Amino acid sequence: KRTMLLLGEWGTGKTHHLADSSRRLSKMGHPVLFLLAKDFPTSPSPLDLMAQHSQVSSNCADLIRVLNQLGKEKGQRALLIVDGLNESSRHDWK
């Protein structure tokens with residue numbers, strides 16, 4: 001799987017690092033979607049709500065297809081970054 005898990009103590013700058021990196025990559029033309037897990041209710045589906053919030057798609061499967069297409073067009077990977085899963089329902093995000 002092409003995933004990354006960033007761990008660290010509270011207040012060490014993980015969110016700022018991800019937000020700054022996302023902004024920098026986006027300005028360079030890289031397809032990046034950065035979201036905060038705590039902003040999404042976990043019912044009925046946090047992934048579908050995340051897709052709707054992005055205003056790209058109404059469901060997660062379509063959002064992933066769009067991100068993949070953007071990555072192919074750019075010749076690089078599209079990044080979907082979800083920060084703060086520990087601040088939301090771990091069970092629902094699992």
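Residues 24 or more positions apart account for 55% of the contacts in the protein chain with a separation of 6 or more, where contact means heavy atoms within 4.5 Å. This is a predicted model, in which local features need pLDDT of at least 70 and side-chain atom pairs count only at pLDDT 80 or more, while totals for chains, interfaces and linings use all residues. Residues are numbered from 1 along each chain as its sequence is written, and side-chain values use heavy atoms, with hydrogens and water left out.

**Overall layout**

- The protein chain has four helices and two strands; helices (H or I, at least four residues) and strands (E, at least two) are DSSP runs, numbered from the N terminus.
- Along the principal axes, the C-alpha atoms of the protein chain fill a box of roughly 35 × 30 × 25 Å.

**Surface and charge**

- Of the 94 residues of the protein chain, 26% count as buried. Buried means under 20% relative accessible area, exposed means over 50%, and partly exposed is in between (1.4 Å probe, protein chains only).
- The accessible surface comes to about 7100 Å², and 53% of this surface belongs to carbon and sulfur atoms. Such areas come from the Shrake-Rupley method with a 1.4 Å probe; for residues, only the protein chains shown count as cover.
- There are 13 positive and 9 negative side chains, and the centres of the two sets lie 8 Å apart. Lys and Arg count as positive and Asp and Glu as negative, with His and the chain ends not counted; the place of a charge is NZ of Lys, CZ of Arg, CG of Asp or CD of Glu.

**The nonpolar core**

- Seven residues form the largest nonpolar core: L33, L35, F40, M50, A51, L63 and L67. Such a core is a set of buried Ala, Val, Leu, Ile, Met, Phe, Trp, Tyr and Cys residues joined through side-chain atoms within 4.5 Å.
- At least two residues of this core come from each of β1 (32-36), α2 and α3 (60-74).

**Around the end of α2**

- S54 sits in helix α2 (residues 46-54) and counts as buried, at 17% relative accessibility.
- Not counting residues up to four places away in sequence, S54 touches L33 and L63.
- Q55 lies in the loop between α2 and α3 and counts as exposed, at 75% relative accessibility.
- Q55 also has a positive phi of about 60 degrees, although Q55 is not a glycine.

- V32 lies in strand β1 and is partly exposed, with a relative accessible area of 21%.
- Beyond its neighbours within four places in sequence, V32 is in contact with S22, L25, S26, L79 and I81.
- The C-alpha atoms of V32 and G71 are separated by 9.3 Å, and the two residues are 39 residues apart along the chain.
- S88 is found in the loop between β2 (79-83) and α4 (90-93), and counts as buried at 18% relative accessibility.
- S88 and D39 are 49 residues apart along the chain, with their C-alpha atoms separated by 8.6 Å.
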